[in-house]
Amino acid sequence: MDLGRTSPSPPKLPPSSTTPPVQSVSHRVKRPNALLLSGYKDDDDDRIGHRADQRDALLLSPLSDEALLSVDPDGAAANIEEHPVQANGQPVVIQVAKHNTRKSHLTSPSIYRKAKRRALCKNGECNIVLANVSKLRRRYLQDLFTTLVDARWRWTLCVFLMSFLLSWLSFGIIWYLIAFTHGDLSPENIDNPLWSPCVINMKTFMASFLFSVETQHTTGFGYRMVTEECHEAIVFFCFQSIAGLMIQAFMVGIVFTKMSRPKQRSQTIMFSKNAVICRRDGQLCFMFRIGDMREKSHLIGTTIQTRLIRSRVTPEGETLSPHVTYLKINIDDHDESVFLMWPTIAIHVIDQDSPLYGLSAADLLNEKFEVIVILEGTTESTGQTTQARTSYLASEVLWGHRFRPLVKYCKTKMMYEVDYSQFHDVCNVDTPLCSAKDLETYLKINEPQIK
């Protein structure tokens, strides 16, 4: 036996602390169902489940969220994070895509919701654009006062400043021309003490500009003055004084009218975000809430009017779109007049005279109409008439809901307290899903008539 030779050692196994094998875990992300988002409906109940399973199988993707959100699917592999975890006692590395904050095209508003068509925005502005109006600018300039009042503040202030600056400059040029034509600015007369100028101490254009400002605003520093030497100077002096008063009155009137417009008072009038339909006193009613946030200056002689905008086809086949219909409104047991001491619920009873008489809960999902609400009242402190407007689309009407009460009596303060945090809150109530017409027919058949 050769002791000098040693047997070859067995190959060494890799230690257990080596890098664990990488296990790729795919994320099955469910894409939005395009058929359901587009409003597709299948009436065959027997095959709904089967088709839904097929759609889900097609919409499930082994790609990660990054691959769905990335424009380049190959570039998504670069944004991978490895997280070591323990699975069944064995170390495993899971590859997870990094979070991408970029907005996906799958969440585009054009897919999830359609644009709402409305004639009146929620803030009361008319969503109407005039097109192909002949001589529109000339018509606006003919009513310049209203145009400047309706313009934005930056344009109104710009016109306010330019009206004074341009008038001062224009009249200053004319004063300079009067002095020049009279010979007051000639070298032999400008320093001649025996020469009688039209305007004393007006020897430069800057002096004529300062004299124009003093004349227009009757400042009268006493250093520059008109003499009786020039008759045209006296006439122009009177003309500029009158023109300056007219410009000042016109511009101050525009600014004052713009600041005191009754439209600003309507900012403190609140309308509920949604309208509701539920039963009250045995009848289906369309209701919305109105409130005034001012405590001191209330609106007097307030009236509420509602109009329904919905297309209608006449018996002759003519389509009237848009077609405006009157909706009768009641406030408690009174008519359209209301005194807004606290938030009030306006009620439209859906009876035989109502255009909503044949509307059911199922019809409300597919119906296209708009209810316009107009509130008019007189401000108690100023006596000006103000108007607040809003509108409710069919998607903003909640069937089977009721407004939560928000007025309660506080015994500690000994006053009624209004909690405006619950102004828009509603609660579910039991309401028939049929229309008011079908409900009335059902009650006549199944309930005995009480004489």
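Predicted model: local features only at pLDDT ≥ 70, side-chain atom pairs only at ≥ 80, totals over all residues.

Biologist: Where does Met414 lie?

Modeller: Met414 sits in the loop that runs between strand 22 (407–410) and strand 23 (415–418). On the surface, Met414 belongs to a nonpolar patch together with Ile300, Phe339, Met341, Trp342, Val407, Tyr409 and Tyr416, and the accessible area of the patch is about 830 Å².

Biologist: OK, zooming out, how many helices and strands are there in the protein?

Modeller: The protein has twelve helices and 24 strands, and of its 451 residues 31% count as buried.

Biologist: And inside, which residues of the largest nonpolar core touch the most other members?

Modeller: That core has 34 residues, and the ones touching the most other members are Phe271, Phe286, Phe288, Ile290, Ile304, Phe369 and Leu375. Strand 10 (residues 283–292) gives the most to this core, contributing four residues. Apart from it there is another core, of 14 residues, which includes Trp175, Ile178, Cys198 and Ala233.

Biologist: What does Phe288 touch?

Modeller: Leaving out residues up to four places away in sequence, Phe288 touches a set of residues including Ser272, Ile304, Ile329, Val373, Tyr392 and Phe403.

Biologist: Switching to charges, which residues are linked with Glu396 in a network of salt bridges?

Modeller: Arg118 and Lys122 are linked with Glu396 in that network. The closest N and O atoms of Arg118 and Glu396 are 3.1 Å apart, and this pair ties together parts that are 278 residues apart in sequence, because Arg118 lies in the loop between helix 4 (109–112) and helix 5 (136–142) while Glu396 lies in the loop between strand 19 (385–393) and strand 20 (397–399). The salt bridge between the side chains of Lys122 and Glu396 is 3.6 Å, N to O.

Biologist: Last one, helix 9: which elements do its buried residues pack against?

Modeller: They pack against helix 7 (153–182), strand 6 (199–200), strand 7 (225–226) and helix 10 (231–259), and the buried residues of helix 9 include Ala207, Ser208, Phe211 and Ser212. Helix 9 (residues 205–216) reaches 17 Å from its first C-alpha to its last, close to the 16 Å expected, and just after helix 9 Thr218 takes a positive phi of about 50°.

Definitions and conventions:
Residues numbered from 1 in each chain as written. Heavy atoms only, no water. Patch = residues over 30% accessible without salt bridge, like charges linked within 9 Å, V, L, I, M, F, W, Y side chains within 5 Å. Areas by Shrake-Rupley, 256 points an atom, 1.4 Å probe, with all protein chains shown as cover. Salt bridge = Lys/Arg side-chain N within 4 Å of Asp/Glu carboxyl O. Helix = DSSP H or I, 4+ residues; strand = E, 2+ residues; numbered from the N terminus. Expected span 1.5 Å × (residues − 1). Buried < 20%, exposed > 50% of the residue type's maximum accessible area, 1.4 Å probe, protein only. Contact = heavy atoms within 4.5 Å. Core = buried A, V, L, I, M, F, W, Y, C linked by side-chain atoms within 4.5 Å.
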